[in-house]
Amino acid sequence: MEHRHNEEPKTWFRSERFFRSDEKWYFYTREGITVGPYTTQFEAEVDAGMLKARLKGAPETMALSIIREFVMSCDSQLDYVNDPAFTSYLTEEGAAALNEKPA
């Protein structure tokens with residue numbers, strides 16, 4: 001398995017990254033953030049691939065900032081209000097993330 005730059009090798013437990021709830025599709029990030037909803041699984045897979053490409057090679061410390069930027073730039077109407085991890089990130093670190101620059 002390929003690791004992100006400077007990321008320690010870990011044992012990853014296989015689980016479905018994509019799931020369906022209330023007729024909508026979502027995906028999980030490694031950081032524990034649920035991204036969605038999407039109308040179709042294909043849409044979720046496309047955005048997951050785009051997010052993965054943005055995260056590839058980025059320092060682990062920038063992952064949440066990159067995910068936040070990705071979510072805020074999405075054209076779809078993604079609902080993160082019910083995701084405690086993302087809501088916590090927005091309230092505690094979101095403002096500081098706007099001033100961060102990749103190393």
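**Entry 1: Asp47.** I looked up Asp47 and found it in helix H1, residues 41–55, where a helix is a DSSP run of H or I with at least four residues, numbered from the N terminus. This is a predicted model, in which local features need pLDDT of at least 70 and side-chain atom pairs count only at pLDDT 80 or more, while totals for chains, interfaces and linings use all residues. Residues are numbered from 1 along each chain as its sequence is written, and side-chain values use heavy atoms, with hydrogens and water left out.

Is Asp47 buried or exposed? I noted that Asp47 is buried, meaning under 20% relative accessible area with a 1.4 Å probe, protein chains only. Asp47 has no salt bridge (a side-chain nitrogen of Lys or Arg within 4 Å of a carboxyl oxygen of Asp or Glu), and the nearest side chain of opposite charge, Arg54, is 8.1 Å away. Leaving out residues up to four places away in sequence, I listed Phe27, Tyr38, Phe70 and Cys74 as touching Asp47, with contact taken as heavy atoms within 4.5 Å.

**Entry 2: the strands.** I then followed Tyr38 into strand S3, where Tyr38 is the bridge partner of Trp25. Strand S2 (residues 24–28) runs antiparallel to S3, joined by 3 bridges; a strand is a DSSP run of E with at least two residues, and two strands pair if DSSP finds at least two bridges between them. I wrote down that S3 (residues 34–38) is largely enclosed by the rest of the structure, because 4 of its 5 residues are buried. The hairpin of S2 and S3 has 5 residues between the strands, and Gly32 in the turn has a positive phi of about 85 degrees.

Definitions and conventions. Buried means under 20% relative accessible area, exposed over 50%, partly exposed in between (1.4 Å probe, protein chains only). Lys and Arg count as positive and Asp and Glu as negative; His and the chain ends are not counted.
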